[in-house]
Amino acid sequence: MKLAVVGGVHASGKTSLILHVARHAARQGLTTGVYKIDAMEAGDDQAYGRHDIPAVVHAAPDICPDHEAMGVLDDAYSWGLAKGLDLLVIETAGLCHRCSPFLGRFLSICAVSGLAGILAPAKMRPLVEGADIVVLTRSEMISQAERQVFLDRLRELNPSALVMHVDGLTGEGTLPVARAMIGRPDSVLLPLEPLRARLPMGYCHFCQGPGAGRELGL
Amino acid sequence: MNVVMRLEPGTDKQGRPESCGVLELRPGEVTTVAGPTGSGKTRLLADIERLTPGDSPTGRKVVLSGVPDEVLQSGFAVGRISQAMQFFLDLTVREFVKMHAQARGNGDKDPTNEDLAEMVANQANRLAGEPFQVDQPLATLSGGQARALMVADVVLVADAPVLLIDEIENAGIDRHAALEFLIEERRIVLIATHDPLIMLKSDRRLVMAEGGIRHVIDTSDGERAEVERLTRIDREMAVLRDQLRRGGTL
C-alpha cells in the first residue's frame, strides 16, 4: 500500500483532486481509500461514497486537524491495510498553517485554490514549501494570465516541487498527480516518522481542548 | 524551424470519432470555430490551450512543433482570451502586469517595467469604453475593461505563438480593433465566434456539433466578396450603438 498526504485549506479542492486520482487509479485496477480529518463533520464521506471509494471521515473538534492527523496515522494505516487498499490518501485541512501535515518519506501534496488571494501561498508557506507536488485548483475559474502569475508565485516559494494546475470539473491535469502517487514504492509506517515542518512553540488557548472559548483560556 | 500545430481528432459527446482528419495550422492563418452554444467550441480551445496529450474528455491530441522547449515548458506557448470577464487577483493593474511579465521571463524586456504596465493599460483603454487607471485594483475593472486588459496583456506581455480567442464579440469592446491588434502574421490564431463577419474574414472555419468538429470549411472567394457589404452593415450598427449609448436619439 502506498501512502500520500494531501493538505490544504478548507474548500481548496482537495476532495475533487482525490476523486480524480482515484478514478485514474481504478483504471489501472488499483483501489484508493481516503482517511479524511476535518475540523467539523461536513458529510464528505458521501462524496466518496457516491464514487464507491472507501472513506473514513474523522472530525477533530478540539485540536487542529493536521495535528489530529498525526495522532490517528496508525489507525488510518491499519484501516488501509485491512481494507486491502493499494493507495491510502490522508486528507487533512489544517487551521493556522504555521506547520504542515507532511511527513518525511510520504508523498506530500498541497492544494491551493486559484480563487485565493495572491498572498495566500506565502501565508501558508510551510504547507507550500514542504510539498512534493503543489496543485493550483479551480484553474478553470480564473483567466490564463492570473493562472500564470499564480503558478509563478508557487514555483518561487517551492522551486523543487512539481507545480501544476488542475481543472476540478473535468479532472484535466490530475493524471500526473495520480502517476506520482501510484509510482512510489509501498509505504511502511515507522514510529517517530519525522515531520517536514517545524512545529509552532505553543498552542493558542482559544483552540486548545476543553475549556477553549473562554477569553483567558485554561 | 517552422511552427506547426497539429490537431489529431478525438470523439464527440456521443463518443463518435471526429471525421475531420488531422488538421495542421500554421502562423498567419486565422481559423474560426463556429457552432451553437454548447457545441464544444470552448472545449476545443481548452484542448489546444493545454496542448492536450489525450487525457481530456474528447481524447484529442494537440502537438505544437517548431517552438523552443523553454517556451513550451513555461506554459506560455498558447495564449488565451477566455470568456472570463472578471479578475480575482488582489493586485493593481500595474502590479499584475509586472508580475505577469516576470512569470513570462520577459520582465527585463523593458528595463523600467513601469512603462510596460502603462503601455498595456493604454492599449486596453483604446479598446474599451471609459478608461481605467493603471493603479486601479484589477477586481474593480468592468467586464469590458477586464477583457480589454486581457487582450492588451496577451500580446504585449504573454506574446504567445498561438493565440486563442473566445467570443470576443460578447466583451463590450471594439471587436474589430481588438482583432486587428491580436492577429499578426507570426501567430496561429483561432477564434470561437457567433459573428458571421468574423467567420467570413477568417481563412477557414471549424463547425462544431455535439462536442465534435463536424465540418472544416475554407472561406470561398464568393464568401470573401460578401465581406465588404457586411462590413458596411456592421459599421452602420456600430454608429447606431454608439449614438444611443451616448444619450443620442434617432
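This is a predicted model: local features need pLDDT of at least 70, side-chain atom pairs count only at pLDDT 80 or more; totals for chains, interfaces and linings use all residues.
**Close-up views of a two-chain model**

**View 1. The buried residues of helix H8 in chain A.** In helix H8 (residues 175–182) of chain A, the buried residues are Val177(A), Ala178(A), Met181(A) and Ile182(A). Because the arc they cover around the axis is only 125°, they sit on the same side of H8(A).

**View 2. What the buried residues of H8(A) pack against.** Several elements of chain A meet the buried residues of H8(A). One of them is a helix, H1 (14–27). The strands are S1 (2–7), S4 (87–92), S5 (107–113), S6 (133–137) and S7 (162–165).

**View 3. Helices H5 and H6 of chain B, side by side.** Here helix H5 (residues 143–158) of chain B packs with helix H6 (residues 175–182) of chain B at an angle of about 10°, and their axes lie 10 Å apart. An angle under 35 degrees counts as roughly parallel, and H5(B) and H6(B) are therefore roughly parallel to each other. From H5(B) come Val151(B), Ala152(B), Val154(B), Val155(B) and Leu156(B), which meet Ala178(B), Phe181(B) and Leu182(B) of H6(B). Of the residues in this contact of H5(B) with H6(B), eight are nonpolar, with no polar and no charged ones.

**View 4. Where chain B meets chain A.** Chain B brings 25 residues to the contact and chain A brings 22 residues. Between them the two chains bury about 1,900 Å², with 56% of it on carbon and sulfur atoms. On the chain B side, Arg50(B), Phe88(B) and Leu89(B) lose the most area to chain A, together 31% of what that side buries.

Definitions and conventions:
Residues are numbered from 1 along each chain as its sequence is written. Chains are lettered from A and ligands numbered from 1 in the order in which they are written. Side-chain values use heavy atoms; hydrogens and water are left out. Axes are lines fitted to C-alpha atoms, for helices over the stretch in contact, and angles run from 0 to 180 degrees between N-to-C directions. Helices (H or I, at least four residues) and strands (E, at least two) are DSSP runs, numbered from the N terminus. Angles under 35 degrees count as roughly parallel, over 145 as roughly antiparallel, 65 to 115 as roughly perpendicular and the rest as oblique. Contact means heavy atoms within 4.5 Å. Ala, Val, Leu, Ile, Met, Phe, Trp, Tyr, Cys and Pro count as nonpolar, Asp, Glu, Lys and Arg as charged, and the others, Gly among them, as polar. Buried means under 20% relative accessible area, exposed over 50%, partly exposed in between (1.4 Å probe, protein chains only). The arc is that of the directions from the helix axis to the C-beta atoms. Buried area is the accessible area (1.4 Å probe) that two parts lose on being put together, summed over both.
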